[in-house]
Every structure is written in structure tokens, then in C-alpha cells.
Amino acid sequence: MKVYLAYLEWYMKVCKANGQGPGYYDSFKNAGERRDSGVYKYKTILTNYWEHLVNEAEKKPHLLGTRLRSHWLYGGTNYRRIVEPLDIAEHYKRGRKDYIKQGRSKHYILLEKWLKHQEENGRERAGHLNSKLENIESCVTEDLCFWARVEEAIRSCRLLDSRGSLDGSEREKLVKFKEDVVALIKDYAVSPDIFLEKSSYMQWWREYVEILERQMMGDSHNSQLVAFMREERYKNYAEGSPRMFQEGHSNVAASLPVRLVGHRTRPSPGLSWVVGEAGLALSQGRRQGASPGSGEVERPLAGPPERVTALA
């Protein structure tokens, strides 16, 4: 089984194509290379093996709620992190939807449940943050249903686009998805592969931007992900930068009320852009040309208006 898993690990690496590829999830989903057909064979062998192992473990008596020994349990976790995204890709490639409720195999659910039980009973959590920072470039996304959430977010964008801004349920789903992505990024729990330009996540982002520009998301206080993406801070994600979401780091606009107009942002009434020797600043109560000592407060921003975003 290790040989087959090693092949899939190799597949993950070659699908990056030095940052130019789609990543292994989208490569398998689109199946445009000969190597993709070989992956299906090894995925099937591994899945049959682990389904059998989990079924046998479920039937046997267990000690203190532990169905599998740690060695097998963490082996199963490694298998899930590599293989389950391929199952998700296959699910959506066939035109299906809602993988989590309608397509997820029972053996994935049980392996996840047993791992959580072991972690809750004082065992060291796999993937401690420090080790993540050291190995972020080669890490695998911890939320094994992440790609299913991406696919559903793409679907929500398209439904919202077709139905218009009155569809509150799809807006709520997108807001929840954004919050979940921010939490994963802050915890270094997603692979840098999601930021490859040809990935499904970046496809979602481009479609989401179109919705924002059409003002279909209404007002929202959460702008962290939009600022992170628009300012391309994700390009430093693999370095494990602790400043990606740090307060005051290219995110001054996060707490400011703004409206998205085309590719630019405009401050709400009472606020205006001021350009001077110090660069771009946001001025409250006055416009450009204010005299010193007027009590006006100016705060420099990190970039031009089109890159200062509060969102969505």
C-alpha cells in the first residue's frame, strides 16, 4: 500500500508544475494527462484496502473507544488526506452535488471520527502549528472536504448570479465559506496548491469578485479574505508569514464602511481620499487641501483605492 500512496504523493508534486499547474485535485478532475488514468487505478486499490480494514475494525470489540491502533489510524489519516480529494473531484466531475451529505463514503467518516476521539483523549494533535509553519509548502489541506466546499461555493455564486441579489440563502452560504477559509488560512491548514491560478479555488475567487462588483452581496463586516486575495498576500502563504492577517498590515480598510464600484472602492459619505507626499491617506470630515491643526485625522493606506477593499 505504501508504494501506491507514494505514487499519489509523486502525482501531487508533478501537478504543481512549478506553480503553473492546476494542482492535483483539478488535474484529476479534468483528467487531461496520461498520468491521471493511472491515478484512478491506485486510488481504487487504496480505497478497497481501507474500506475493508475499517469495516473489520468496526465489527471487533474495542478498548476505550479506540477502533484502530495509532499506527493504523494515522496511516488512515494520511490516506484520507491524499485520496479523499480525488473522490470529491470524481463526484463533481460526474455532475453531482453536495458531496458531504450525498457522496461521502462511510469509511472516511469513521476514520475521521476515530481520529478526533484519539485527539480528544490527550494524544498529541497531528499537524501542530509549529510543524505546519516548517512544512507549509508541502502540507496537505486538513479539511478533507475543503474541495467540496469550494465546489458548492462556485455553485452558490452561479445561483446568486442567475437569481439575483434577493437570494439570501446563497449569500449566507458564501459568507460562511469565506469565514471558514479565513480560519483555515490563519491555522495554516490549507495547502498552498489552492492558490495556483488554475485551481478551482481561484476559479471561485474570480466568480466571487464579479458578484462583488455587481453589489450582489450586500453589506458585510468581514473583509479579511477579500483584502487577503485582492492584495495577493496568498503569494507569501507558503512562507508561513505571520503578518497575513495581522491588524494594521495592509488591512486598515477592514473596519471602514466602503462601497465596491467596479474595480475601485469609494469611502462612505464623510470620508475622502487624500494624496500627498506621504502617499494615499483616508481623511475624515474634510477633503484635500485641509489646513494643519484642523483636527483632521489621516491614516495612510497600503495601496491605491482599487486595492483597499472592505467587503463583501
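Q: In this predicted model, is the crossing of helix 3 and helix 4 left-handed or right-handed?
A: Let's start with how the two helices meet. The axes of helix 3 (residues 34–59) and helix 4 come within 10 Å. Their crossing is left-handed.

Q: How are helix 3 and helix 4 set relative to each other: parallel, antiparallel, perpendicular or oblique?
A: Their axes cross at roughly 130 degrees. The crossing angle is roughly 130 degrees, so helix 3 and helix 4 are oblique.

Q: How many nonpolar residues does the contact of helix 3 with helix 4 have?
A: From helix 3 come Val39, Tyr40, Lys43, Leu46, Thr47, Tyr49, Trp50 and Leu53. Helix 4 brings Trp72, Gly75, Gly76, Tyr79, Val83, Leu86, Asp87 and Glu90. Sorted by class, there are three polar and three charged residues, and the nonpolar ones number ten.

Q: At roughly what angle do the axes of helix 4 and helix 6 cross?
A: Here we stay with helix 4 (residues 70–93) and bring in helix 6 (residues 106–120). This crossing is left-handed, and the two helices are oblique to each other. Their axes come within 10 Å and cross at roughly 135 degrees.

Q: How many charged residues are in the contact of helix 4 with helix 6?
A: On the helix 4 side you'll find Ser70, Leu73, Tyr74, Gly76, Thr77, Tyr79, Arg80, Val83, Glu84 and Asp87. They meet His107, Tyr108, Leu111, Glu112, Trp114, Leu115 and Gln118 in helix 6. Take out the eight nonpolar and five polar residues, and the charged ones number four.

Q: Which element gives the most to the lining of the largest cavity?
A: The elements giving two or more residues to this lining are helix 2 (24–30), helix 4 and helix 8 (146–163). The most that any element gives is three residues, and they come from helix 2.

Terms used
Residues are numbered from 1 along each chain as its sequence is written. This is a predicted model: local features need pLDDT of at least 70, side-chain atom pairs count only at pLDDT 80 or more; totals for chains, interfaces and linings use all residues. Side-chain values use heavy atoms; hydrogens and water are left out. Axes are lines fitted to C-alpha atoms, for helices over the stretch in contact, and angles run from 0 to 180 degrees between N-to-C directions. Helices (H or I, at least four residues) and strands (E, at least two) are DSSP runs, numbered from the N terminus. Angles under 35 degrees count as roughly parallel, over 145 as roughly antiparallel, 65 to 115 as roughly perpendicular and the rest as oblique. A crossing is left-handed if the near helix is turned anticlockwise from the far one by less than a right angle, and right-handed if clockwise. Contact means heavy atoms within 4.5 Å. Ala, Val, Leu, Ile, Met, Phe, Trp, Tyr, Cys and Pro count as nonpolar, Asp, Glu, Lys and Arg as charged, and the others, Gly among them, as polar.
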